[in-house]
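Welcome, and please load the model in your viewer.

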Amino acid sequence: MKWCVRILCTQVRDLSTAVTLRQDTSSAFFLNCPNSLTRMIDDNSFPKPRSYKFILQSLRHEHFGGFPPLYYERAHFSRRNFLIEVHGPRGLEEYMKSFRMAYGTEGAKWSASDFLFTNKDEEVSMLDIKNKTKIIPVQMDSKDTFLSYIVEVYEQPKSLNDAKVKHLKLTPMHIEQLTAGNSITLENGKVVTPDEVHCRLTDSLSLMFIYAKTMENVQFLTESKKAAEYLEGKSPAKRVSLMYHTTSLEVLKDPRYLNFLEQFGQHVHHVIDCKELIEDENMRLPAHYFTKVLHTVNSRIFPAASSQGFHTVDKAAKLSILNEFMKRGLKVSIAAIGRNVPLRLEEEKVVFKQKISEIATNNHKAVRDMIEDKQNLKKIWTTCENIKSTKRFKNEPFIVFLGTASMKTTKYRAASGIYINVPGNTEKAVDPRISPSRYKNSFGILADCGEGAYGQMTDHFLGSTGDILRNLRVIFITHFHGDHVFGLGQVVEEAEKALLEVYTPRDAEKVKKEAPLYIVVPENILLYMRLTLNLVCPYFKARVRLIPIFNLNPCRKYFFDSTEEVRVPPIPEGRVEELIADLYLTAGPGLKEFIDYLKSVMGIQRLHSFETQHTVNSHGMVLNGPDWKVIYTGDTMPNAMLDNFIYKTDLLIHECTFVNNIARKAECVKHTSQKEITEIVRRLKPWRTILTHFSQTDMRIARLSQEAIDEKIFAAYDHLQFNLSDAEWIYKLVPIFEKVITNNFINCVHLDRAFKYSHCYFA
């Protein structure tokens, strides 16, 4: 099988460079594993082989953040055994050990031979049955944080070179030894290796994957002795045929970089992965187009439907750089998702453009069909957009559902994540650089942070994502399951980058005071979190405080033990208030600082946890404002602890993994079915209820029963956004969405019926 570089994702959006060098049903060879790679693999119908091999250019989440969810997804959903090999910079082994320790405590299956670490400067040899690969890391900075790679690939041919066999006068015994891969010694004393007599499929199968985003990286590359061995004329066996550049516009404009590339010869094919030069419209996932469909039905609660790109391509710079490459006689092309780049340029068939065009056409089809029926859409808009809420809250929050899927990301739903924006205390002055005019004195709380959470924030808030990240103050992780925590590192990393846009590293003390970040996590992952912070927070690590979730639980003496015997008696409302007051009075220094900040700056009266009943130790979140109360359950089955805290609740956000009322299965895996939630709401009577955390069978829509609708329950979608007071009428949209959307296709024919339902419910 010939080797071919297949581009899975580029630096556009929340992704980063990720390519596969070769893939079949037995093995796949990857460069980097950024966050959301699992979703990209699924959307590109990528085969799921038994063996994965990764080489990482850094331990940043842009290169490594997708590895934990990928391993989690394959380990828990694959029926076959598989092997993963990981090679990367220094610190990889320590980080992965902490990850395995944290996950090992939750019952995940690990074995000592799962990971083969390489964090040395030495060359690495990776052997397959049919192919031999040699990987050579090249240091790209003084701290050995970033690496480039030279990959030498040798394909074992099926036949010998007849001319060489005849010239060397080889006997049948000699041929048998050489075919078996053994060297031989001729009568004249000459040693003949198998490579000397085998037919080579290509002149060279050497590749270079260059990470050069700064001029410091370029300096290390040009001074590298390892890279110098592959310059043109040095050695015929070490000619480079393909160079993949993960770079920046600054580097590409510098003539020193191009002068260095010229030395490798004009036969090299250069593939440029530079954010400013790549069109992003074709890189959107099916989920983006599905959100557009939701937007056409109701743009008020689904505002994330921009027709603009995620960024603007610098066309003048793109043309200038391409011309500069061509003037020097260098073969160059721009990276694009879905493109296959063979090691010899003349073998490339320009079909990826047609493929991408087909994908874009199919994704647009549902949106186009919806928009063509303008008459009915206009009626629905007129009916839905003019709704007014009768109930008002003081300093009410607005809530955004970033992800609503369970277990893993799907084509149409991302993993769990809910962003809650609170107005804050207007009497407290805030640094205007942190809170610009649009979000002045408002702060963010992120409840759970599944894989791809940052990408979902980017899609939703677009150009305001930096402001949202700078205002993020609390991240609450309910439990350490992958679909609730694997996006945390990237969010924290991108938040620090956003702060660096308005501050310098010298302002660390001021940032610590003005922009603290409190992360509430289960106790068993504190070590893992500390190592993660070391990687993602090189400048403002002091602003991050870790709060053990158990310390926020006012009912710590009531719990679900390992024998699954429920030890939660009903607690009177007055007694619950006393327990919460005791928790605040007896809080230690770190917890007291957190509580004071919530009250004095964010305007949050109370934030505490309560234990839920799940397969692992899990907690829900209770959030109290001046005159409102929001409860988020996280993953749980129906339990008595929720009953003790749900009094006077304005919004209950409850998981609903099994919409189809599979109660027995829900009980086995300790989740909740729709029927059980309906009974809970009927009995405890929260003002409004929204469901999330749907199973893989409910990819587009989670259908609700009439009983659930009667209890004013709504099933969330990704990018659902609303003010708390808008929850008064959101449930009325359920019949409209169910007439337009199914789990098989977008039902455009029934828009007229959707209008009838909208008129009936909102008249």
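**First stop: a strand pair**

Select Y632 and you will find I653 of β25 standing opposite. This is a predicted model, where local features need pLDDT of at least 70, side-chain atom pairs count only at pLDDT 80 or more, and totals for chains, interfaces and linings use all residues. Residues are numbered from 1 along each chain as its sequence is written, and side-chain values use heavy atoms, leaving out hydrogens and water.

Now widen the selection to β24 (residues 629-632): three bridges join this strand to β25, and the two run parallel. Strands pair here if DSSP finds at least two bridges between them; strands (E, at least two residues) and helices (H or I, at least four) are DSSP runs numbered from the N terminus.

Next, colour β25 (residues 651-655) by accessibility: five of its five residues are buried, meaning under 20% relative accessible area with a 1.4 Å probe, protein chains only. In a regular strand the side chains alternate between the two faces of the sheet. In β25, L651, I653 and E655 lie on one side and L652 and H654 on the other.

**Second stop: a helix pair**

Select α8 (residues 215-222) and α11 (residues 255-262), which pack at about 30° with axes 11 Å apart. Axes are lines fitted to C-alpha atoms over the stretch in contact, and angles run from 0 to 180 degrees between N-to-C directions. The helices are therefore roughly parallel, the term for angles under 35 degrees.

Show side chains: M215, V218, L221 and T222 of α8 meet R256, Y257 and F260 of α11, with contact meaning heavy atoms within 4.5 Å.

How values were computed: Parallel < 35°, antiparallel > 145°, perpendicular 65-115°, else oblique. Buried < 20%, exposed > 50% of the residue type's maximum accessible area, 1.4 Å probe, protein only.
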